[in-house]
Amino acid sequence: MTSTTVNMDKIVSLCKRRGFIFQSSEIYGGLASAWDYGPLGVELKRNLKAAWWKATVHDRDDMVGLDASILMHPDTWKASGHTENFTDTLVDCKKCKKRFRADHIQGKCPTCGGKDFTEGRAFNLMMKTPLGAVEDESNMVYLRPETAQGIFVNFSNVLDTTRKKLPFGIAQIGKSFRNEVTPGNFTFRTREFEQMEIEYFTRPDQADKAYDEWIACRRQWYQDMGLRQENLRLRPHGSDELAHYAKACTDIEYQFPFGWSELEGIANRTDYDLKQHANFSGKDLCYQDNITNEKIYPYVIEPSGGVDRATLAFIVDAYHTEEVKGAERTVLRFSKHLAPVKVAVLPLLKKNSGIVELAHAIRRDLQKDHTTIYDDTASIGKLYRRQDEIGTFFCVTVDVQSLEDQQVTVRHRDTMQQDRVAVDRLKEYLGEKL
Ligand code: GAP
């Protein structure tokens, strides 16, 4: 019997034990809501970003990429509305003095039950830092709270250099920063995080169609990468929760152990951003049709996802436990696109020099094509469990028999089925399956 229900404690513990995610600056007691990706976490996250980039940029004719700076001219944030609007309303409980987001208290202090609060005041979520040697207000810049604005301010640069025609989009992956009042749920809500964002420019009368297409396309991507369909749903925003720039927005939500929560938002940002930047910069940011000479401000459809949130969702979704011969087996069933390690090479006897030599030779050969691990630090049963727990697709075991018949045992992660495969056919065998 297989079980897929999991609580966050188990996920956090597995992530630490196996080297996916560590608490930031742990030796100093840790920094709240900041996390470091360990040797397996970094591979998983890189695979996820590479898969997104391939599907979003390389596999399409209408997309190009960008990597803009985190630090931007402060006027960017005046134009985008973040200086004025990117705020949460905070209140203090007069009894216990704790501070909360006003929309999180429902009339009662979550800590002490008190009902007397200070007046709400706006708290801007952007992080500030001085630029250069003088620390005064004139030198203050913000760490970007979204990667999107780096795309809008480069709209003309990209258009002039690529000569793209509408509709086309610009994709970007990068860090963003928000001074979240209530970070939490492990890597779900943090103050430093990575986004993968698309700004897709379209004629205004084509925007609704592009909006629907992107919602379907992005949902399908999560499924193609391995998330189970029943754990995904779409949630259109009500008009009262739309951001100041959006005409429509739909969230792709995932069923996390702590409930259905946003993985990615797809918004129709209209021509708000380009017009705002044109007004504030004094630059013409129109799109000109080269046949009709017509000038228009394109509408923008924005699929905006979080790398860390998606990584967490893929770990949660991959987590399975089952009973095998009276013992519990934990296995991360990552898809082949995302699995951090594809093949583990395991020598059955680490003191047998023939086995060790052959195992090293096999590993050297396989690592040209796949991410591999060599492990001889436990008994074979333990080595298999270890690889199951990190989601390794195949284990290749070299034994005494291998020295005689030049064959190795290939064990499949999900079925635990074992095949004997000739060493000179191994690359082809794995290549076909991966
Ligand atoms: N440019 C639009 C934008 O930034 P958003 O809904 O604020 O929209 C988009 O953020 C995505 O970025 C979210 O769906 C989420 O995946 C990720 N994200 C936002 N805030 C985050 C945080 N504090 N920690 C981790 N991920 C976050």
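This is a predicted model: local features need pLDDT of at least 70, side-chain atom pairs count only at pLDDT 80 or more; totals for chains, interfaces and linings use all residues.
Residues are numbered from 1 along each chain as its sequence is written, and side-chain values rest on heavy atoms, with hydrogens and water left out.

The protein contains 13 helices and 24 strands, these being DSSP runs numbered from the N terminus (helices, H or I, at least four residues; strands, E, at least two). Along the principal axes, the C-alpha trace spans about 75 × 70 × 50 Å. Of the 434 residues, 49% count as buried, where buried denotes under 20% relative accessible area, exposed over 50%, and partly exposed the range in between (1.4 Å probe, protein chains only). Among contacts with a separation of 6 or more, 64% are accounted for by residues 24 or more positions apart, a contact being defined by heavy atoms within 4.5 Å.

The accessible surface of the protein comes to about 21,100 Å², and carbon and sulfur atoms contribute 48% of this area; accessible areas were computed by the Shrake-Rupley method with a 1.4 Å probe, and for residues only the protein chains shown count as cover. There are 60 positive and 63 negative side chains, and the centres of the two sets lie 4 Å apart. In this count Lys and Arg are positive and Asp and Glu negative, His and the chain ends being omitted, and the place of a charge is taken as NZ of Lys, CZ of Arg, CG of Asp or CD of Glu.

A nonpolar surface patch of about 230 Å² is made by Leu 348, Leu 349 and Val 400. Patches are made of residues with over 30% relative accessible area and no salt bridge, with like charges joined within 9 Å and nonpolar side chains (Val, Leu, Ile, Met, Phe, Trp, Tyr) within 5 Å. Ser 402, in helix H12 (residues 400-405), is by contrast buried, with a relative accessible area of 0%. Apart from neighbours within four places in sequence, Ser 402 is in contact with Leu 358, Thr 397, Gln 407, Val 408 and Arg 420. Gly 381 belongs to helix H11 (residues 380-390) and counts as partly exposed at 36% relative accessibility; the C-alpha atom of Gly 381 is separated by 53 Å from that of Lys 108, 273 residues away along the chain.

Several backbone features are noted. The peptide bond from Leu 166 to Pro 167 is cis, with omega near -5 degrees, and Pro 167 is placed in the loop between helix H6 (155-162) and strand E10 (168-177). Phe 186, although not a glycine, has a positive phi of about 60 degrees; this residue lies in the loop between E10 and strand E11 (192-202) and is buried at 9% relative accessibility. Thr 270, likewise not a glycine, has a positive phi of about 50 degrees, is found in strand E14 (residues 259-270), and is buried with a relative accessible area of 13%.

Side chains of opposite charge can pair when their charged atoms come close. A search of the whole structure finds 44 salt bridges, each defined as a side-chain nitrogen of Lys or Arg within 4 Å of a carboxyl oxygen of Asp or Glu. Glu 180 forms a salt bridge with Arg 189, the closest N and O atoms being 4.0 Å apart; Glu 180 is buried at 10% relative accessibility, whereas Arg 189 is partly exposed at 27%. Arg 228 and Asp 317 meet in a salt bridge with an N to O distance of 3.1 Å. This pair links distant parts of the chain, 89 residues apart, with Arg 228 in the loop between helix H7 (207-224) and strand E12 (232-236) and Asp 317 in helix H9 (residues 307-318). Arg 228 is partly exposed at 22% relative accessibility, while Asp 317 is buried at 3%.

The side chains of Glu 302 and Arg 269 also form a salt bridge (2.8 Å, N to O), which joins strand E17 (residues 299-306), where Glu 302 lies, to strand E14, where Arg 269 lies, across 33 residues of the chain. Glu 302 is buried at 4% relative accessibility, and Arg 269 is buried with a relative accessible area of 0%. Elsewhere, salt bridges that share partners join Glu 322, Arg 329, Arg 333, Arg 385, Asp 388, Arg 411, Arg 413 and Asp 414 into one network.
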